[in-house]
Amino acid sequence: MSLRLYASLLLLFPLLAPAVAEEIPPALTTYKGRTIAQTMHYAGAPWLIRESREREEDCTTMLKNLGIKPGMTVCDMGCGNGFYTLKMAEAVGENGKVLAVDIQPEMLRLLQARADEAELKNIGRILGDVHDPKLPVGEVDVILCVDVYHEFSHPEQMLVAMRKSLKPTGRLVLVEFRAEDDNVPIKPLHKMSKEQVNKELTANGYRLAGQFEGLPWQHMMFFARDDAPEEAPAATETPSK
């Protein structure tokens, strides 16, 4: 085919033109006065399933107050090797689904090995981009971000994408180590204050819908889409052991 003929066909049938890869915006180093932390490398995955994690973070109580129910579609954002993914998969049952998102394929492979060993079939692995979690639009009941949001290099794009994926009554739940507490033994770069979390999310189409203060080291903050009905179920606000 001659170049002239090919050019003429492109004018008539533009879909024949080769696809152009989406351009990823430059990564941020700071956002609204906060320094963005570096993403945890998959080589550190064993730390996520350390024996002391339950004692340090009271993961069982966090899950009890997350509000997930059988049959829901939920997301473990920045799932790593699946510490919470597997627990969420059991909670939503065989009629529910967990969308496990990570930007490192190595993490997803580690997760799959653990899911296979546990014989859990309701987990969908998603290799996301730094600016796009690649979630389905309007289908997710709960997105859980445990100690991961502060590492997003493209927070605004991620918040927009997650908001689109939520059902009208869906919740984005951030669990972050408390910056207000010097006794929490985590590097300051990996902590967030409630004020900072609220500032960033309300600027991107969310409203605070509830909080849970019963965890040893972390805030647990529930956000709804800012166009969600006010009467939608709110998060637990008092400790539930």
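Of the 241 residues in this chain, 48% count as buried. The model you have open is a predicted one, and its chain has seven helices and 10 strands.

**Stop 1: the largest nonpolar core**

Select M62, L66, Y84, M88, I123, L144 and M220. These are the residues with the most contacts inside the largest nonpolar core, which has 30 residues. To see where the core comes from, colour α3 (59–64), α4, β4, α5 (105–118), β6 (140–146), β7 (166–178) and β10 (218–225); each of these supplies at least two of its residues. Which element gives the largest share? That is α4, with six residues. As general background, nonpolar side chains in soluble globular proteins tend to be buried together.

Now centre on M62. Leaving aside neighbours within four places in sequence, M62 is in contact with Y84, L144, V146, V175, L215 and M220.

Apart from this core lies another one, of 26 residues; I36, Y149, L159 and V197 are among them.

**Stop 2**

Next, select L63, which lies in helix α3. Beyond the four places on either side in sequence, L63 is in contact with Y84, K87 and M88.

**Stop 3: the largest pocket**

Show the surface and select M40, V146, D147, V148 and E151. Of the 36 residues that line the largest pocket, these lie nearest its centre. The elements giving two or more residues to this lining are β3 (73–77), α4 (83–92) and β4 (97–102). The pocket holds about 780 Å³ of space. How many of the lining residues are nonpolar, polar and charged? Colour them by type and you will find 19 nonpolar, nine polar and eight charged.

**Stop 4: helix α6 and its buried face**

Move to helix α6, residues 155–165, and pick out P155, M158, L159, A161, M162 and S165, which are buried. Turn the view to look down the axis of α6: its buried residues fall within an arc of 165°, so they line one face of the helix. What do they pack against? Their partners are β1 (30–31), β3, β6, β7, α7 and β9 (206–212).

Stay in α6 and zoom in on S165. With a relative accessible area of 0%, S165 is buried. Not counting residues up to four places away in sequence, S165 touches L135, P136, V137, G138, E139, V140 and I143.

**Stop 5: helix α7**

Helix α7 covers residues 194–202, and its buried residues are Q196, V197, E200 and L201. Are these on the same side of α7 or on opposite sides? They are on the same side, because they cover an arc of only 120° around the axis.

**Stop 6: two loop residues with positive phi**

Select E119, in the loop between α5 and β5 (123–127). Phi of E119 is near 60°, a positive value in a residue other than glycine. Is E119 buried or exposed? E119 counts as exposed, because its relative accessibility is 63% and the cut-off for exposed is over 50%.

Then select K134, in the loop between β5 and β6. K134 is another residue other than glycine with a positive phi, again near 60°. K134 is partly exposed, with a relative accessible area of 43%.

**Stop 7**

Finish at D226, in the segment after β10. D226 is partly exposed, at a relative accessible area of 43%. Select L208 as well: D226 and L208 are 18 residues apart in sequence, and 8.7 Å separates them from C-alpha to C-alpha. Show the side chains around D226 too; with neighbours within four places in sequence left aside, D226 is in contact with R163, G205, Y206 and R207.

Definitions and conventions: Residues are numbered from 1 along each chain as its sequence is written. This is a predicted model: local features need pLDDT of at least 70, side-chain atom pairs count only at pLDDT 80 or more; totals for chains, interfaces and linings use all residues. Side-chain values use heavy atoms; hydrogens and water are left out. On a 1 Å grid over the protein atoms alone, a cavity is a set of points where a 1.4 Å probe fits but cannot get out, and a pocket is an open set with protein on both sides within 12 Å along at least five of seven lines; lining residues have an atom within 4 Å of a point. Grid points are joined across faces, edges and corners, and a volume is the space filled by probe spheres set on the points. Helices (H or I, at least four residues) and strands (E, at least two) are DSSP runs, numbered from the N terminus. Ala, Val, Leu, Ile, Met, Phe, Trp, Tyr, Cys and Pro count as nonpolar, Asp, Glu, Lys and Arg as charged, and the others, Gly among them, as polar. A nonpolar core is a set of buried Ala, Val, Leu, Ile, Met, Phe, Trp, Tyr and Cys residues joined through side-chain atoms within 4.5 Å. Buried means under 20% relative accessible area, exposed over 50%, partly exposed in between (1.4 Å probe, protein chains only). Contact means heavy atoms within 4.5 Å. The arc is that of the directions from the helix axis to the C-beta atoms.
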